[in-house]
Amino acid sequence: MIYEDYNPMKKKMFQIMNEEGEIIQPQLMPDLGKEELLKMYRLMVQTRETDKKALLYQRQGRMLTYAPNLGQEAAQVGSALSLGKEDWMVPAFRELGAWLARGIEVNMVYLYWYGNEYGSKVPEGIKVLPVSVPIASQLQHAVGIAWASKLQEKDEVVMTYFGDGATSQGDFGEAMNWAGVYQTPTIFFCQNNQFAISVPRGSQTASETIAQKSIAYGMPGIQVDGNDIFAVYVATKEAVKRARNGGGPTLIEAFTYRLGAHTTSDDPTRYRSDQEVEAWKKKDPIDRMKKYLMREGLLTEEEDEKIAQEYINIAEDAFKYVEANGEIELEDIFKYQFKEMTPQLKEQLEEYKEFLRGRGEA
Ligand SMILES: Cc1ncc(C[n+]2csc(CCOP(=O)(O)OP(=O)(O)O)c2C)c(N)n1
């Protein structure tokens with residue numbers, strides 16, 4: 001129903017909970033008990049605390065690089081929770097809340113950003129693909145997996161994540177087209193955080209919304225308030241159900257905002273105003289759900305502080321583990337590019353060894 005009511009041509013954004021944490025469409029509220037609501041909230045808080053710590057470690061020179069998730073927690077957690085254990089998540093690189101919701105542990109995430117590729121080794125039984133940095137390349141993989149699932153009659157749905165900038169890549173068009181033609185069970189989940197590094201959404205595409213791109217490829221689409229976890233959950237849940245029942249793909253645009261930098265190498269004050277950022281801080285997805293939970297008598301300030309502390313401790317322990325176990329041999333960079341080292345890589349490795357000998361380190 002919501003996909004008809006919010007057809008992208010109608011230019012309406014789907015929202016259930018407003019910025020004050022009030023439920024404005026109670027008839028569409030998902031049927032969730034206290035435990036499930038708190039699980040959602042806890043995952044968002046864990047995302048935030050894990051993210052804040054990572055940024056601090058990177059700024060202390062202890063982590064290689066990092067892509068912050070601040071402000072995007074509801075989009076990530078709400079969407080991932082709509083998947084079943086049997087379904088696949090195919091990420092880009094800014095998906096912390098979704099990884100945690102799928103059961104990826106903090107030490108794996110930290111290990112990856114520490115520069116250790118073992119962070120990409122997804123544990124057995126968790127259906128998540130490794131980080132994909134080449135923008136939009138993962139969309140092809142997502143459609144391929146979904147098509148295989150369909151051909152093998154497996155009922156596995158695939159949710160793939162990407163940013164607004166990714167929709168300007170050729171890979172996006174190819175993946176969407178294939179999914180539309182072959183009706184693959186793929187959910188294209190776009191976190192429209194308004195920027196592709198320093199390029200604002202408006203300079204990125206002439207489309208009025210990302211959601212309307214669904215129409216050209218013959219699939220349902222919707223723009224949801226990405227800072228409203230209930231709207232995200234309901235929209236993705238319906239898309240997952242449709243895909244599982246043979247109804248094909250869906251494009252979901254989660255309208256949100258990256259409150260932090262693109263990565264730790266970026267300075268966002270050079271391309272956007274403080275006023276804009278301040279205005280978006282008022283739409284904070286976690287504050288919004290907190291207000292709702294407190295009004296419903298499901299959370300107190302004291303409990304909230306305890307939850308945050310619990311996840312700060314987990315993050316600190318995870319990073320201790322990474323610093324104790326995460327060092328890599330620089331030689332590995334040359335050794336594991338290919339199954340066998342190419343002559344060029346062998347030459348480079350020799351050069352590197354020579355450099356170490358020069359420094360008296362080898
Ligand atoms: C094919 C490709 N081109 C360029 C880059 C450099 N790059 C890294 S992130 C990024 C912007 C991506 O923006 P978006 O898809 O909106 O995702 P966001 O970073 O906002 O989450 C670019 C251009 C890349 N990683 N891959």
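These legends accompany several close-up views of one predicted protein model.

**View 1. The whole chain, for getting your bearings.**
Start here before you zoom in. The protein chain holds 15 helices and seven strands. Its radius of gyration is 21 Å, close to the 21 Å that the globule rule gives for 362 residues, so the chain is as compact as a globular protein of that length. Along the principal axes, the C-alpha atoms fill a box of roughly 70 × 50 × 40 Å. Of the 362 residues, 53% count as buried.

**View 2. An open sheet made of five strands.**
Trace the strands across the sheet and you will meet them in the order β1-β2-β3-β7-β6, with parallel pairing. Which strands sit at the edges? They are β1 (88-90) and β6 (221-225), and each of them pairs on one side only. On average, neighbouring strands of this sheet are turned by 20° against each other, direction ignored.

**View 3. Where β2 meets β3.**
Now move in on one pair of neighbours. Strand β2 covers residues 158-163 and strand β3 covers residues 186-192. The two run parallel and are joined by six bridges. To find your place, look for G163, which stands opposite Q191 in β3.

Is β6 enclosed or open? Five of the five residues of β6 are buried, so this strand is largely enclosed by the rest of the structure. In a regular strand the side chains alternate between the two faces of the sheet. Here, G221, Q223 and D225 point one way from β6, while I222 and V224 point the other way, and all are buried. On its paired side, β6 joins strand β7 (residues 250-255) through five bridges in the parallel sense.

**View 4. A cavity inside the protein.**
The count comes to one cavity of 30 Å³ or more. The largest cavity holds about 120 Å³ of space. Its lining is made of 14 residues, and W99, I104, G119, S120 and V131 lie nearest the centre. Which helix gives the most to this lining? Helix α5 (residues 106-114) does, with four residues. Sorted by class, the lining has 12 nonpolar, two polar and no charged residues.

**View 5. The largest pocket.**
Next comes a space that is open. The largest pocket has a volume of about 470 Å³. It is lined by 13 residues, and G115, N116, E117, Y118 and I328 are the closest to its centre.

**View 6. A lysine in helix α12.**
The last stop is K290, which lies in helix α12 (residues 285-295). Is K290 buried or exposed? With a relative accessible area of 17%, K290 is buried, because buried means under 20%. Look for V45 in this view too: K290 and V45 are 245 residues apart along the chain, and their C-alpha atoms are separated by 10.0 Å.

Note on methods. Residues are numbered from 1 along each chain as its sequence is written. This is a predicted model: local features need pLDDT of at least 70, side-chain atom pairs count only at pLDDT 80 or more; totals for chains, interfaces and linings use all residues. Side-chain values use heavy atoms; hydrogens and water are left out. Two strands pair if DSSP finds at least two bridges between them. Axes are lines fitted to C-alpha atoms, for helices over the stretch in contact, and angles run from 0 to 180 degrees between N-to-C directions. On a 1 Å grid over the protein atoms alone, a cavity is a set of points where a 1.4 Å probe fits but cannot get out, and a pocket is an open set with protein on both sides within 12 Å along at least five of seven lines; lining residues have an atom within 4 Å of a point. Grid points are joined across faces, edges and corners, and a volume is the space filled by probe spheres set on the points. Ala, Val, Leu, Ile, Met, Phe, Trp, Tyr, Cys and Pro count as nonpolar, Asp, Glu, Lys and Arg as charged, and the others, Gly among them, as polar. The radius of gyration is taken over C-alpha atoms; the globule rule is 2.2 Å times the number of residues to the power 0.38. Buried means under 20% relative accessible area, exposed over 50%, partly exposed in between (1.4 Å probe, protein chains only).
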